[in-house]
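I opened this entry to keep track of what I looked up in one chain. The structure comes first, then my notes.

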Amino acid sequence: MVGDLVRANKLITKLKEEASYVFYPRIDGKADWKLVVLSDASFGNLGVSSCGGHIIVLMGEGNKCCVLGWSSGKIKRVVKSTLAAEMLSMCEGLDHAIYLKHVIKELIPKTKEIEIVAVVDSKSVVDAVFSTKSVDEKR
């Protein structure tokens, strides 16, 4: 444990010595703007809890993009499967994206309709979203 603290202290010292910059690219083409939500979750990795997260990116012409929001942490509901964890994480990300879409529309009133795209790494979530059957827990 002491070794970890020594390494962390050295890393912080090195970070303070080097200059760092944050660059936000100019995102042109308001007509082509879209919000991309990337979400992921993990089932039962915190003992009895699961965790999930999402990142929201504003994408414009030439696929230039800028991060507008993100969230990561423990899932607020008890889930019984990876599918449920992935779905809840995606839903939280989409809620966040809808909120950001309305904020953009208020700040820039003449903006055309902004498309929201969800990206998830779970094939079972994609199958469930595009299925006509209801999804049941297998347990």
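**Surface and overall form**

I began with the accessible surface of the chain, which comes to about 10,400 Å², with 58% of it belonging to carbon and sulfur atoms; accessible areas come from the Shrake-Rupley method with a 1.4 Å probe, and for residues only the protein chains shown count as cover. The model is predicted, so local features need pLDDT of at least 70 and side-chain atom pairs count only at pLDDT 80 or more, while totals for chains, interfaces and linings use all residues. Residues are numbered from 1 along each chain as its sequence is written, and side-chain values use heavy atoms, with hydrogens and water left out.

I looked up the secondary structure and found three helices and four strands, in the order α-β-β-β-α-β-α along the sequence. Helices (H or I, at least four residues) and strands (E, at least two) are DSSP runs, numbered from the N terminus. The radius of gyration is 19 Å, well over the 14 Å that the globule rule gives for 139 residues, so the chain is more spread out than a compact globule. That radius is taken over C-alpha atoms, and the rule is 2.2 Å times the number of residues to the power 0.38. The C-alpha trace spans about 55 × 50 × 25 Å along its principal axes.

I noted that 27% of the 139 residues count as buried (under 20% relative accessible area; exposed is over 50%, partly exposed in between; 1.4 Å probe, protein chains only).

**Cores**

Which residues make up the largest nonpolar core? I listed eleven: Ile27, Trp33, Leu35, Val37, Ile56, Leu58, Cys66, Ala97, Leu100, Ile104 and Ile114. Such a core is a set of buried Ala, Val, Leu, Ile, Met, Phe, Trp, Tyr and Cys residues joined through side-chain atoms within 4.5 Å. Strand E1 (34-46), strand E2 (49-59) and helix H2 (82-107) each give two or more residues to this core, and H2 gives the most, with three. Apart from it lies another core of five residues, among them Ala41, Val79, Ala84 and Ala85.

I then checked Leu35: leaving aside neighbours within four places in sequence, its contacts (heavy atoms within 4.5 Å) include Ile56, Leu58, Ala97, Leu100, Ile104 and Ile114.

**Helix H2**

H2 has 26 residues and reaches 38 Å from first to last C-alpha, close to the 38 Å expected (1.5 Å times one less than its number of residues). Its buried residues include Gly93, Glu86 and Lys101.

Glu86 is buried, at 5% relative accessible area. Not counting residues up to four places away in sequence, Glu86 touches Ser39, Asp40, Ala41, Val120, Asp121, Ser122 and Val125. Lys101 is buried at 17% and, with the sequence neighbours up to four places away left out, touches Leu35, Glu113, Ile114 and Ile116.

**Cysteines**

How many disulfides does a search of the whole structure find? I found zero, a disulfide being a pair of cysteine sulfur atoms within 2.5 Å. The sulfur of Cys66 is 7.8 Å from the closest cysteine sulfur, in Cys65, which is too far for a bond. Cys66 counts as buried, at 14% relative accessibility. Cys91 is in no disulfide either, with the nearest cysteine sulfur, that of Cys51, 17 Å away. Cys91 is partly exposed, at 39%.
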